Amino acid sequence: MYLSLMLWKSLNMCIETRQLIEENCKVLVYKSNQKRKLKGSVNWTACIPLAAIIAVFWVYAATAQEPAAAPAPADPMAEMKTAMDGLKVGLDTVWVMVAAFLVFFMNAGFALVESGFCRRKNTVNILAKNLIVFAIATIAYWLIGFGFMFGDDGGNNFIGLQGFFLGGEDNSPATGDAYKGVFGSLNWTGVPLEAKFLFQLVFAGTAATIVSGAVAERIKFMSFLLFSFVLVGISYPITGHWIWGGGWLADMGFWDFAGCVPVHSVGGWAALVGASILGARSGRYGEDGKNRAIPGHSMSLATLGCLILWLGWFGFNPGSTMAVGDGRLIAHIALTTNTAASTGAIASTIAAWLYLGKPDLSMIVNGLLAGLVGVTASCAWVTLPAAAIIGAVAGVLVVFSVGFFDSIKVDDPVGATSVHLVCGTWGSLAVGLFAVGPNAVISNNFTLYTAGPAAGLLVGGGFTQLWHQIIGVAAVGGFTVAVSFIGWYVISLITAGIRVEEEEEFKGLDISEHGMEAYSGFVKESE
């Protein structure tokens, strides 16, 4: 291309030179004729050799400068690898973000389940708590929680010491040995730091939301907000660091894929402590010690909320892969999650029918949620038949657990402690019972995992993994109970008690705490 351009320019210059020569020659001929008249004739063709010499040197001058060296051809394989790496990061990031959005939408499910299971005079209060709790969780987790949970701990194995305000060195999405930063415990996932934070944030918000249902209808709004900050900013991330942040439980061999213990049992323990300190709602237990049921005002809302939570769990569990891979593991986790939910709902229906005499809808709702919680820890490490068993056991447990807490006068309006604490504990132990073990082929040459829990006790493994799960459950439970007691006590000093006055409870928290009604104009229930 460059040579052709030079030739074209040279040709043009030659033409221009020829024209110039012809003009000069005409002038010379004219002068020559004039001189001929005076001195004789001179042949004009003598100009041709001189013109040829000028043209040659002109062309040479135009082409003497060599063109700049062309850049070396790029390596197509290297370019392809760079493009594929970028595409992988993009796909993984989109998947993690979509999963995070699904988990975030679970806030709507919690709000509907809790408000439906409670009386309508407290609906505004419950909706307000479920709305504001994620905002509180966001700030608490951004300020200190994420750093405590995933920041490098300097070898103490107890709590992260870096990464507060989401700051510090970080070169995500680099992974493995290529990662350089303060969040080394997350170097296994190749997505940007912002995606890592958002996904973990929605989990932290879920833990705080669990508490809301157990303390509903009698807690001060400000007390709940303050406790949510303590739970998400301090208690939840510290125990989370032990398990997911490279802490001592992870080093020991405790495994939890999506959060039976780090999320659900933590929220359940905090809820149990709060409900115990608050005491039962007025009129919940008679003077003779018998239970007095307080029906919820809308089972329609509760059922819709349950379905939203069921949908959200497809982000909660499969999203914890934090990578697309070949998609097969995501599909497997979605199936184990759905299977456990289904058997949990069926088992709770049967158990309630036999135990209570009727197929109680509230028990069906809680049984389905119990199955989802129960399989959360093991969803990536068990077969579909094992997931079915795990869900069914959780569905039966939740029915009898609700009755047990009623018998000891722990008033939980929505059954949060039974669903999240009891079934979260069961789900963690299920890892030690049903995990298939590393490199185990389950079907069609499909290996679930190469690094993870040892084979469970009921699938040919030993007792070791189950023992690790028991230690983890006990350690996290003990720490959460201690921090929750301290937190509730300090908050009660700040707010002059954490429970509303009896008259305010009778009127309903919508009026006493918020000055409005959820169903303005409707006839109020009398008590």
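This is a predicted model: local features need pLDDT of at least 70, side-chain atom pairs count only at pLDDT 80 or more; totals for chains, interfaces and linings use all residues.
Me: Hi! How much space lies in the largest pocket?
Reply: The largest pocket holds about 900 Å³ of space. A pocket here is an open set of points on a 1 Å grid over the protein atoms alone, with protein on both sides within 12 Å along at least five of seven lines. Grid points are joined across faces, edges and corners, and a volume is the space filled by probe spheres set on the points. Residues are numbered from 1 along each chain as its sequence is written, and side-chain values use heavy atoms, with hydrogens and water left out.

Me: What classes of residue make up the lining of the largest pocket?
Reply: There are 21 nonpolar, 9 polar and 5 charged residues. Ala, Val, Leu, Ile, Met, Phe, Trp, Tyr, Cys and Pro count as nonpolar, Asp, Glu, Lys and Arg as charged, and the others, Gly among them, as polar.

Me: And the second largest pocket, what is its volume?
Reply: About 640 Å³. It is lined by 29 residues, and R284, S362, M363, V402 and D406 lie nearest its centre. Helix 10, helix 11, helix 12 and helix 13 each give two or more residues to that lining, with helix 12 supplying the largest share, 6 residues.

Me: OK, cavities next. How many does a search of the whole structure find?
Reply: The search finds 2 cavities of 30 Å³ or more. A cavity is a set of points where a 1.4 Å probe fits but cannot get out. The second largest cavity has a volume of about 110 Å³. Of its 14 lining residues, F110, V113, V414, A416 and H420 are the closest to its centre. The lining divides into 8 nonpolar, 5 polar and 1 charged.

Me: Changing topic: how many salt bridges are there in the whole structure?
Reply: A search finds 9. A salt bridge is a side-chain nitrogen of Lys or Arg within 4 Å of a carboxyl oxygen of Asp or Glu. One of them joins R281 to E217, with the closest N and O atoms 2.3 Å apart. R281 lies in the loop between helix 8 (260-278) and helix 9 (299-316), and E217 in the loop between helix 5 and helix 6 (221-244), so this pair ties together parts that are 64 residues apart in sequence.

Me: Are R281 and E217 buried or exposed?
Reply: R281 counts as buried because its relative accessibility is 4%, and E217 counts as buried at 0%. Buried means under 20% relative accessible area, exposed over 50%, and partly exposed in between, using a 1.4 Å probe and protein chains only.

Me: Which residue forms a salt bridge with R284?
Reply: That is D411, the closest N and O atoms being 3.3 Å apart. Since R284 sits in the loop between helix 8 and helix 9 and D411 in the loop between helix 12 (384-407) and helix 13, the pair ties together parts 127 residues apart in sequence. Both R284 and D411 are buried.

Me: Where do K507 and E503 lie?
Reply: Both are in helix 15 (residues 502-507), 4 residues apart, about one turn of the helix. K507 is partly exposed at 47% relative accessibility, and E503 is exposed at 55%.

Me: Last one: which residues do shared partners join into one network?
Reply: Salt bridges that share partners link R119, E217, R281, R284, D406 and D411 into one network.

Conventions. On a 1 Å grid over the protein atoms alone, a cavity is a set of points where a 1.4 Å probe fits but cannot get out, and a pocket is an open set with protein on both sides within 12 Å along at least five of seven lines; lining residues have an atom within 4 Å of a point.
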